[in-house]
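Open the model in your viewer and keep the sequence panel beside it. We will go from the whole chain to single residues, one selection at a time.

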Amino acid sequence: MHTCKIVICDDHVLFAQSLEALVSTFEGCQVLFLAKNGKDLLDQLDQSKELPNTILLDYNMPVMDGYEALLKISERYPTVKVIVLTINQEEEVIIKMLRAGARGFLSKDIHPKTLKNALMEVHDSGYFFTEHITATMLSAGENKGLKIDQIHLSERELDFLKLACTDKTYKEIAELMCLSPKTIDNYRDSLFKKLKVRSRIGLVLYAVRNHIITAETI
């Protein structure tokens, strides 16, 4: 079994230290270091002789928050996988972090077993989402194996999909595409059906997995 080398980034020292103690009990897991914010994390990564496989990253932090840190990590260390660990589970935040390169999204009140499963799943297969988040974005595993070359998307559908991965409202997307809100609703519903997803977050996850969007395109 390969060791999953982990870094924890959270500005709450007690929480970070408790999390380190917990993760250190997981078989096959090793915590390399702790960071108190995004800047501290990047400074330590730049100086470290050994990169982690996975980073547990808080979203709300002073100096440099999780979003800014994730953008820089995706650019500088593309092989490092990031799991966002936060109390903030708003759809806008999830979409924002997925677009920036997050591989998982966990609530801070999860069970230790779920955390362990997430670390192993991200390490082995690349992505992990809790049932709570999965239920709001797609049926579990439904679009896991769907690839862009297996599904026919028209040029307009692709344009809509890319815009759906931004922070624009559906009304704003309709204006940009010079279409009626009803037509935009039809595009959305059609993509939900084609891609087997249940929400806008599901569209973003599909686009990320199939490299339709990247942090550089947003």
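Start with the surface of the whole chain.

A word on what you are looking at. This is a predicted model, in which local features need pLDDT of at least 70 and side-chain atom pairs count only at pLDDT 80 or more, while totals for chains, interfaces and linings use all residues. Residues are numbered from 1 along each chain as its sequence is written, and side-chain values use heavy atoms, with hydrogens and water left out.

Now colour by secondary structure. You will find ten helices and six strands. Helices (H or I, at least four residues) and strands (E, at least two) are DSSP runs, numbered from the N terminus.

How much of the chain is buried? Of the 218 residues, 48% are buried. Buried means under 20% relative accessible area, exposed means over 50%, and partly exposed lies in between (1.4 Å probe, protein chains only).

Look at contacts too, meaning heavy atoms within 4.5 Å. Among contacts with a separation of 6 or more, 68% link residues 24 or more positions apart.

**Stop 1: strand E4**

Select residues 81-86. This is E4, and six of its six residues are buried. Show the side chains. Lys81, Ile83 and Leu85 sit on one side, with Val82, Val84 and Thr86 on the other. In a regular strand the side chains alternate between the two faces of the sheet.

E3 and E4 run parallel, joined by four bridges. Two strands pair if DSSP finds at least two bridges between them. Find Thr54: its bridge partner in E4 is Lys81. Then follow the chain from E3 through helix H3 (residues 66-76) to E4; this β-α-β crossover is right-handed. To check the hand, point the strands away from you: in a right-handed crossover, the path from the first strand over the helix to the second runs clockwise.

Four bridges pair E5 with E4 in the parallel sense. Thr86 has Ser107 as its bridge partner in E5. Helix H4 (residues 91-100) belongs to a right-handed β-α-β unit with E4 and E5.

**Stop 2: helix H7**

Select residues 155-164. Which residues of H7 are buried? They are Glu157, Phe160, Leu161, Leu163 and Ala164. Look down the axis of H7: these buried residues fall within an arc of 165°, so they line one face of the helix. The arc is that of the directions from the helix axis to the C-beta atoms. An α-helix has 3.6 residues a turn, so residues three or four places apart point the same way.

Now show the cover. It includes helices H8 (170-176), H9 (181-195) and H10 (200-209).

**Stop 3: helix H9**

Keep H9 selected. It has 15 residues and reaches 21 Å from its first C-alpha to its last, close to the 21 Å expected at 1.5 Å a residue. The expected span is 1.5 Å times one less than the number of residues.

Highlight Ile184, Tyr187, Arg188, Leu191, Phe192 and Leu195, which are buried. Seen down the axis of H9, the buried residues fall within an arc of 135°, so they line one face. They pack against H7, H8 and H10.

Step just past H9 to Lys196. Its phi is positive, about 55°. Most residues other than glycine have a negative phi, and most peptide bonds are trans.

**Stop 4: two loop residues**

Select Val63, in the loop between E3 and H3. Val63 is not a glycine, yet its phi is positive, about 70°. Is Val63 buried or exposed? It is exposed, with a relative accessible area of 65%.

Move to Cys178, in the loop between H8 and H9. Here phi is positive too, near 55°. Cys178 counts as exposed, at 71% relative accessibility.

**Stop 5: Thr3**

Finish at Thr3, in the segment before strand E1 (4-9). Thr3 is partly exposed, at 36% relative accessibility. Which residues does Thr3 contact, leaving aside its neighbours within four places in sequence? Gly28, Cys29, Gln30, Asn53 and His123.
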